[in-house]
Amino acid sequence: MSLKRQRDAEINVDRDEIGAENGAEDHSNNKKMWQDSTPEPADNGLLPLASYGDDDDDEDGDGEDEDGRDENGAVQERRQRLVEIRKDCPYLDTVNRQVLDFDFEKFCSVSLSNLNVYACLVCGKYYQGRGRNSHAYTHSLEAGHHVYINLRTEKAYCLPDGYEVNDPSLDDIRHVLNPRFSREQVEQLDTIKQWSRALDGSDYLPGMVGLNNIKETDFVNVTIQSLMRVTPLRNFFLIPENYHSCKSPLVHRFGELTRKIWHSRNFKGQVSPHEFLQAVMVASKKRFRIGAQSDPVEFMSWLLNTLHTDLGGTKKSNSSIIYKCFQGQLEVVKEIQNRKVNEKKEETEKQQKVTGMEDKAEPDDVVREICRMPFLMLGLDLPPPPLFKDVMEKNIIPQVPLFNILKKFDGESITEVVRPQIARMRYRVTRLPQYLILHMRRFTKNNFFVEKNPTLVNFPVKNLELKDYIPLSVPKTNEKLRSKYDLIANIVHDGKPGEGSYRVFVQRKSEEGWYEMQDLHVSETLPQMVALSEAYMQIYEQQQ
């Protein structure tokens, strides 16, 4: 009996141990399941927000789970499954296209962040995020505005429900947000004569839209409008694939502005260059900024050189679209007085005064330097205006033909310079660019104020023949000498120096008509009116 009781006690002990082990294992499994089902706290101590499918709503760690799978990929895959795509959104009739404006910086109106920004398609304001603690989600509950579009991915969503809206009626908004051009459309731009209609019923011509003068930024507007007539440059920036590898914000903002100006499906017949101006302020270190009037010649020179550098251009010709369009070549002959010879000459002059003998000047007293240099624009000197008034007590406004001031580059006319040293310069054009930029030096600065030369320059609108006034090098065999140019843009300054404004005359190639543009004002004009103004900078196109 004692052996039987002892055996039964051992069996009961074993059963108790096995039961305890099983209970502990069940408890640990239940604990593990509860831990797995409980969301991990986010970095800010709060539980993670419900995700609605954007990759940039919130970031996950790059760790791996026990099976070795990537958590980030699994989370993204789960998010994609969670996003519901619907075509029957009941709030599409609340979209108000009249208030949509995508010309300004893409920043949240509350947090001022540019990450993951959505535009409310009901009121037009920008908000960040779509999660339950985001500003867009809060706005959808407070204001009752339910349709939003991601400014980067161009996907539309309904909040607070969180589903994606897939409806073709929103495609026109996507085209305004990010205008697109195919290569076939780009090639046919100069043949289209069709007008476009804005939402307010006004008609506008693509490429001939006004630009907002934010505050004394007319010097930027006339420069942009002029460059929009340069066909290769315009075609290059209309297709983002040409510069997608470039990291310069200035290049991308200039491309966006070009596409908006030439887009035929805009909601309004004007464009605001606000984002481009912000990029200009940063790139120029506030040399050109909103609220400060500047010179369009200086801005044109800076912009072309900066775009060339940012596009990966080098000193070689045709290394960027800028050099392909505007770069020419000059031969410069510089004559400097030799100091040693001058000292000897002064001594001989003293001796001649004493002896009364005269000696002829020696040719060795001049040092001549010859070099070739590239140029993007040519500066022309205007004759000085008359000092006295006429019989009627009115100032005489002189006139000068363009060919007279172009003689500066014939290789024989002498230009005297003082800085950096006194020298006599002779210039000769050895290679003409496809697009020739001329600027008339109307403004002269002294120690007290800036003076403006009112001389009118008489120039032809078509068939400017340069070979009759500038000796050009003989082209190579099987090459044709292209020296005829047609005017495509003419920038004019009105008013006093430092206080006036700029406007521009541009040509529309599809109908060969001329338009006068000053900020938002665009009006058709006659070609004869183009030459009756104080031209400040001109762009000529080479005839092919």
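Start by selecting Thr 231, Leu 233, Arg 234, Phe 236, Phe 237 and Leu 238: these are the buried residues of helix H7. Buried means under 20% relative accessible area, exposed means over 50%, and partly exposed lies in between (1.4 Å probe, protein chains only). Helices (H or I, at least four residues) and strands (E, at least two) are DSSP runs, numbered from the N terminus.

The model is predicted: local features need pLDDT of at least 70, side-chain atom pairs count only at pLDDT 80 or more, and totals for chains, interfaces and linings use all residues. Residues are numbered from 1 along each chain as its sequence is written, and side-chain values use heavy atoms, leaving out hydrogens and water.

**Stop 1: around H7**

Show all of H7, residues 231–238. Of its 8 residues, 6 are buried, so the helix is mostly covered.

**Stop 2: Lys 509**

Select Lys 509, in the loop between strand E23 (501–508) and strand E24 (513–518). Buried or exposed? Lys 509 is partly exposed, at 27% relative accessibility. What does Lys 509 touch? Leaving out residues up to four places away in sequence, its contacts (heavy atoms within 4.5 Å) are Asp 190, Arg 229, Thr 231, Tyr 435 and Glu 541. Thr 231 is one of the buried residues of H7. Next, pick the C-alpha atoms of Lys 509 and Ile 192. They are separated by 9.4 Å, though the two residues are 317 apart along the chain.

**Stop 3: salt bridges**

A salt bridge here is a side-chain nitrogen of Lys or Arg within 4 Å of a carboxyl oxygen of Asp or Glu. The count comes to 23.

Go to Asp 172 and Arg 97. Their side chains form a salt bridge, 2.7 Å from N to O. Asp 172 lies in helix H4 (residues 171–177) and Arg 97 in the loop between strand E1 (85–86) and strand E2 (117–120), so the pair ties together parts that are 75 residues apart in sequence. Asp 172 is partly exposed at 22% relative accessibility. Arg 97 is partly exposed too, at 21%.

Move to Glu 335 and Arg 426. This salt bridge spans 3.1 Å, N to O. Glu 335 is in strand E11 (residues 328–337) and Arg 426 is in strand E16 (residues 423–431), so parts 91 residues apart in sequence are tied together. Glu 335 is buried at 11% relative accessibility. Arg 426 is buried at 19%.

Now select Arg 503 and Asp 494, a salt bridge of 2.3 Å, N to O. Arg 503 is buried at 14%, while Asp 494 is partly exposed at 26%. Then show Asp 101, Asp 103, Lys 260 and Lys 268. Salt bridges with shared partners join these four into one network.

**Stop 4: Lys 484**

Select Lys 484, in strand E22 (484–494). Lys 484 is partly exposed, with 34% relative accessibility.

**Last view: the whole chain**

Zoom out. The protein chain has 14 helices and 26 strands. Of its 544 residues, 42% count as buried. Among contacts between residues at least 6 apart in sequence, 66% join residues at least 24 apart.
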